[in-house]
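Please explain how the side chains of this protein pair with one another, beginning with the aromatic rings and going on to the charged groups.

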Amino acid sequence: MSQIDLKIGPKIRAFRRQLGLQANKLAEDLSISPSYLNLIESGKRKIDGDLLLNVCEKLNIQLSDLTSKTDINLQNTISEILDDSLFEDLDILGPEVKDLVSTNPKIGKAIVRLGDILKKKDHELISKIEKISGKIVDNRKNSFPGEVVVDFFQENKNYFPKLEEFANKVFNKIQKNNRTRYLSLCDYLLSEYSITVKDVIPDENKPFSKIYNKNKKELLLSDYSSIETKKLHAASQVAQMGAIKDVEYYLTKFSFPSEESKKLTKVALLNYCGAAILMPYKLFHSECKKLKYDLELLQNTFATSFEQVAHRVTCLQDPKLPGIPFHFLRVDMAGNISKRFSLSGIDIPRYGGACPRWNVYTAFTTPGVLHTAVSKMNNGEKYVCIAKTVEKGIGRFGQSKNVLSIGLGCEAKYAKDFIYTENMNINDKSTEIPIGVSCRTCDRLDCSQRAFPPLHKKFDVDLNSRGVSVYVSDDKS
């Protein structure tokens, strides 16, 4: 193997320290000098492939642990935090953030946590001002406990084997036609846990999706929810009754900054298990391979929703039976990202909206139509991305429905296994859509849709010239 320049030395040092292993001992085990190991860990020397594999063996880690793109995501997230006016006078540029992340990733994660707290406190203060004044001051509030949920699932690569095992056992007991599985789940809840499921129309002033009355052993499900949503709620209730110990096990493996974020993660894990009951791993993986991840066919096969299927394909991360590593996001018309997860390597912003060129946003222009695109990041990496809008809930006549857009994508190298590339020429540069992460972290200077100046360049206004955007002068475009 040739030498690999991945700036992974600091990661090696971090894993070594986690094991409590002295540098001298590791150097001895690797049959290299302590001084050479020090140069590698300091990022001053490249490491060849054979030595890299030897390091992984000695530290009992996977190669992907050292070569993953998580730090790129961390770099952009820190850049977003430092974009706050509080740090404006420090004039911190992109290369400095990159150096911090490559040498001290733990400090980088600490900055992200502090950034979450800062922005949460800021929004709490704004909310109090709005409540007192009766005026809207800022409509960009974010659900920071939700970001902790994202961190949790990202750290576990969205795969929880104990929950998959439980789900498979339940599925084997309720195997009936997919379109009648709701009834099977209701029967299972009654026979196994003495829980009665009731479909009800909520009072007009008291809307809800589900209510579990522990004392009465009743699960009330709103008739304003689709049958696919009801099935997920029923399956999640099965998980809550039978897999709660497994859920608690995974929760103990993560450090939560608040009880609120921990509870929200518990809900997410129960929903994960519920989806696994509806779409059991081996069967779902087999269908994905056979149908080349045709989401609409999978949706029909398992009688689930488009969003449920799109979310489920990101969970196929069993090392013995892996699927394509996807990224997933859900956005609303205002650009708010309410769900996100990335194994493809593409970075999805932690705060605010993403690049307006992403097809997850353009999907709103033709609701219900599936959009496909080859997206090219500014580092040259290409992704095959699909997007489609979905309506949430049923609702009575005259009520407006919640419309969201679901985005899913993977690296272009998986194109042959992804049905949505069959009518696309991945190598045709003229069809590539250049995208970034967000305006502030993107260094493209030829974008007419730029809403903010880039962080990596000092911004100045020239009264006599203008590029494709007011934030890019003509001589720099």
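**Side-chain pairs in the predicted model**

The structure holds 15 aromatic pairs. In such a pair, the ring centres of Phe, Tyr or Trp (its six-membered ring) lie within 6.5 Å, and planes under 30 degrees apart count as stacked, over 60 as edge-to-face and the rest as tilted. The pair of Y249 and Y250 is edge-to-face because the planes stand at 70°, with the ring centres 5.2 Å apart. This is a predicted model, in which local features need pLDDT of at least 70 and side-chain atom pairs count only at pLDDT 80 or more, while totals for chains, interfaces and linings use all residues. Residues are numbered from 1 along each chain as its sequence is written, and side-chain values use heavy atoms, with hydrogens and water left out.

Y249 and Y250 belong to a cluster in which ring pairs link F152, F153, F160, Y249, Y250, F254, F256 and Y272. Burial is judged by relative accessible area: under 20% is buried, over 50% is exposed, and anything in between is partly exposed (1.4 Å probe, protein chains only). Y249 is partly exposed because its relative accessible area is 37%, whereas Y250, with 8%, is buried.

Y249 also has a charge over its ring: the charged end of K162 sits 5.0 Å from the ring centre. For this, NZ of Lys or CZ of Arg must be within 6 Å of the ring centre and within 35 degrees of the ring normal. Elsewhere, K388 lies over the face of F306, at 4.9 Å from the ring centre.

Turning to charged pairs, the count comes to 19 salt bridges, each a side-chain nitrogen of Lys or Arg within 4 Å of a carboxyl oxygen of Asp or Glu. One of them joins E41 to R16, with the closest N and O atoms 2.8 Å apart. This pair links distant parts of the chain, as E41 is in helix α3 (residues 34–41) and R16 is in helix α1 (residues 9–18), 25 residues apart. Both E41 and R16 are buried. Helices (H or I, at least four residues) and strands (E, at least two) are DSSP runs, numbered from the N terminus.

R312 and E164 form another salt bridge, again with the closest N and O atoms 2.8 Å apart. Here helix α17 (residues 306–312) supplies R312 and helix α10 (residues 161–173) supplies E164, 148 residues apart. R312 counts as buried because its relative accessibility is 1%, and E164 is buried at 7%.

Since E307 lies in helix α17 and R330 in strand β8, the pair ties together parts that are 23 residues apart in sequence. Salt bridges that share partners join E307, R330, K339 and K392 into one network. E307 is buried, with a relative accessible area of 7%, and R330 is buried at 14%.

Strand β8 (residues 327–331) also holds H327, which is buried with a relative accessible area of 2%. The side chain of H327 makes a polar contact with the side chain of S344 at 2.7 Å. A polar contact is a pair of N or O atoms within 3.5 Å; within protein, one must be able to donate a hydrogen and the other to accept it, and residues adjacent in sequence count only if both atoms are side-chain atoms.
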